[in-house]
Amino acid sequence: MPEGHTIHRLANDLRRTLSPGPIAASSPQGRFAPGATLLDGAELKRAEAWGKYLFCTFSNEVVLHIHLGLIGKFRPAPIEEAPSSTIRLRLENQTDCWHLTGPARCELITGHEQRLIVGKLGPDPLRARSSVAQFRDNLARTRLPIGAALLDQSVIAGIGNVYRAEVLFLCGIHPGTPSNTLSSQAIDELWATTKRLLQRGVRLNRIITTGAHDMTRPISQRDGDDRLYVYHRTNCRWCGTELTTLHLGGRPIQFCPHCQPH
Ligand SMILES: [Zn+2]
């Protein structure tokens, strides 16, 4: 599933390529035909992400709300490419074209409904006005293991399975630690690390968590195994210890019992 960095990057790219000026909207698949009709000819005024949720506001004050879910994709396509019947929504102007396929949610909502959705989400480290104070309050209220709390979008928005394993490793925190027992210092470090890695994810448009000195290849050229510390790996990159897998928040998480002690 795409994590927050993907959706923020998507919002930036949609804004950059589709505005200003009117866009054409269609639903080659047909399932979003009434919605596409309402968007057709409008201008994209704002595209923004909150965690894994994308909101595009158009000149007619309609908000397009998209959640990609497990298999959804919203990608640029060559403008001359004939749309296939799997495309839920096609947005285009004179120079650029985007195809949305397989989203978990694709709907038109009002600004009020957008505020209700966002009101249920925790702070998003990629948003300028989100604060660590709210993250601290949310963690203080739950005994959930931190490995599960980081996947709860009402605690912090935008983290998925890859980032949660990587930030807990980098902060030396055992994923089973009850959230309400973490020190303020540990929470500040978790927030700052998450923010830094998500920002890098937006810039590179993929998840790379390994530091500048861990690998010989420049960060932007890394792929495959040298991108990550623990996610889907078998041994700790730092101490060589065999990683342990726990099931938290319904998903497996790898951690190093030596570098992330109880
Ligand atoms: Zn280790």
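This is a predicted model: local features need pLDDT of at least 70, side-chain atom pairs count only at pLDDT 80 or more; totals for chains, interfaces and linings use all residues.
Residues are numbered from 1 along each chain as its sequence is written. Local features need pLDDT of at least 70 and side-chain atom pairs count only at pLDDT 80 or more, while totals for chains, interfaces and linings use all residues; side-chain values use heavy atoms, leaving out hydrogens and water.

**Exercise 1. The zinc site**

Task: Find the protein donors of the zinc ion, and name the arrangement of the four donor atoms.

Solution: 
- Step 1. Donors are N, O and S atoms within 2.8 Å of the metal (3.2 Å for Na, K and Ca); water is not among the atoms, so sites may look incomplete.
- Step 2. Look for the SG atoms of Cys 236, Cys 239, Cys 256 and Cys 259, which lie 2.2 to 2.4 Å from the zinc ion.
- Step 3. Read the spacing of these donor residues in sequence: C-x2-C-x16-C-x2-C. Cys 236 is in the loop between helix H7 (184-204) and strand S9 (244-248), and Cys 259 is in the segment after strand S10 (251-255), 23 residues apart. Helices (H or I, at least four residues) and strands (E, at least two) are DSSP runs, numbered from the N terminus.
- Step 4. Check the angles. Four donors count as tetrahedral if all angles lie between 85 and 135 degrees. Here the angles are 100 to 114°, so the arrangement is tetrahedral. The ideal angle for four tetrahedral donors is 109.5 degrees.
- Step 5. Compare accessibility. Buried means under 20% relative accessible area, exposed over 50%, partly exposed in between (1.4 Å probe, protein chains only). Cys 236 is buried at 5%, whereas Cys 259 is partly exposed at 21%.

**Exercise 2. Two helix pairs**

Task: Describe how H4 crosses H7, then how H6 crosses H7.

Solution: 
- Step 1. Take helix H4 (residues 132-140) and H7. Their axes come within 10 Å and cross at roughly 125°.
- Step 2. Classify. Angles under 35 degrees count as roughly parallel, over 145 as roughly antiparallel, 65 to 115 as roughly perpendicular and the rest as oblique. H4 and H7 are therefore oblique.
- Step 3. List contacts (heavy atoms within 4.5 Å). Val 132, Phe 135, Arg 136 and Leu 139 of H4 meet residues of H7, including Ile 187 and Trp 191.
- Step 4. Repeat for helix H6 (residues 161-170). H6 packs on H7 at about 130°, with the axes 10 Å apart. This pair is oblique too.

**Exercise 3. Backbone exceptions**

Task: Where does Glu 61 lie, and which peptide bond is cis?

Solution: 
- Step 1. Recall the rule: most residues other than glycine have a negative phi, and most peptide bonds are trans.
- Step 2. Glu 61 has a positive phi of about 70°. Glu 61 lies in the loop between strand S3 (53-58) and strand S4 (63-67). At 59%, Glu 61 is exposed.
- Step 3. The cis bond joins Ser 19 and Pro 20, with omega about 0°.

Note on methods:
Four donors count as tetrahedral if all angles lie between 85 and 135 degrees; four count as square planar and six as octahedral if opposite donors are over 155 degrees apart and all others between 65 and 115; anything else is irregular. Axes are lines fitted to C-alpha atoms, for helices over the stretch in contact, and angles run from 0 to 180 degrees between N-to-C directions. A crossing is left-handed if the near helix is turned anticlockwise from the far one by less than a right angle, and right-handed if clockwise.
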